Amino acid sequence: MIWKKASLVIGTVLALGLVGAACEITISADGDAIYGKELTITVDVLQIHRNCVTPIEDTQIDLYGLSVVDYVPWQEVEPGLRRLVLTVVPNWVGQVGIEVRRECVKYGLMEKDLYLDAALGLETAQELVPQAAKLVADEAGAYQALAQDGTLLAELVVAEGSVEKADFQLLLAASPDERILGVLLLTPLDVPADTMAAFLNQFVGLPLSDLTGFEPQPMPDYEDLSQAILEALRGTLSE
């Protein structure tokens, strides 16, 4: 996957001094990352010593999979503590993050990062339902689910398998950073819904590269079907 990186240098406050000093960088988010939903990220830079020759606006900020929609510029919220508040929106499904770096003349490079797994979100997931139906109807091998602006949300792939002479189909959704967003059984089978959901939920968040060696807990009383589903999903990697 190709990361989209946005670099920011945001600031209005200069902290000039005569002595180099180490800084402590902390990053926090006010909630979970959900595709297309606003998220507030706070960056704090605590200057251990009063004076610092590195201006606060020289703090380098790199964003991955996040778009800035608003911000509160650097402010000194208390002596020695400067804060930047970013309002961002995850622009893809999967891992998104922020990296912060400062170069100190005395202590060298100081850096901190925060990465989150951006979920698809209920509203966006519902939008994928007709796309998934079209994928099955067209008997296509794969389908790219796109947002209205063309952003890739997920790769949808139909996996096929059989157990005890019963054929079944699964829909596998993978994020742009090649993690499993979810697995949906498309063929009705005589299995309790809760049992099937608990089994399929074990795949959520799993990197596609780990699927070959992954051994989920099988469904009680449905061990053969559990193995058949696993083999069907693994088969999607070889196609």
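Glu178 lies in the loop between strand S11 (166-174) and strand S12 (180-185), where helices (H or I, at least four residues) and strands (E, at least two) are DSSP runs, numbered from the N terminus. This is a predicted model, in which local features need pLDDT of at least 70 and side-chain atom pairs count only at pLDDT 80 or more, while totals for chains, interfaces and linings use all residues. Residues are numbered from 1 along each chain as its sequence is written, and side-chain values use heavy atoms, with hydrogens and water left out.

**Positive phi in loops**

- Most residues other than glycine have a negative phi.
- Glu178, however, has a positive phi near 65°, and this residue counts as partly exposed at 48% relative accessibility (buried means under 20% relative accessible area, exposed over 50%, partly exposed in between, with a 1.4 Å probe and protein chains only).
- Asp221 also has a positive phi, near 75°; Asp221 is placed in the loop between helix H2 (193-200) and helix H3 (223-238) and counts as exposed, at 70% relative accessibility.

**A buried strand residue**

- Asp62, which belongs to strand S4 (residues 60-64), is buried, with a relative accessible area of 2%.
- The side chains of Asp62 and Arg101 are joined by a polar contact of 2.3 Å, a term for a pair of N or O atoms within 3.5 Å, where within protein one must be able to donate a hydrogen and the other to accept it, and residues adjacent in sequence count only if both atoms are side-chain atoms.

**An exposed loop residue**

- Pro79 sits in the loop between strand S5 (66-78) and strand S6 (81-90), and counts as exposed at 72% relative accessibility.
- From C-alpha to C-alpha, Pro79 and Leu46 are 8.9 Å apart in space, although 33 residues apart in sequence.
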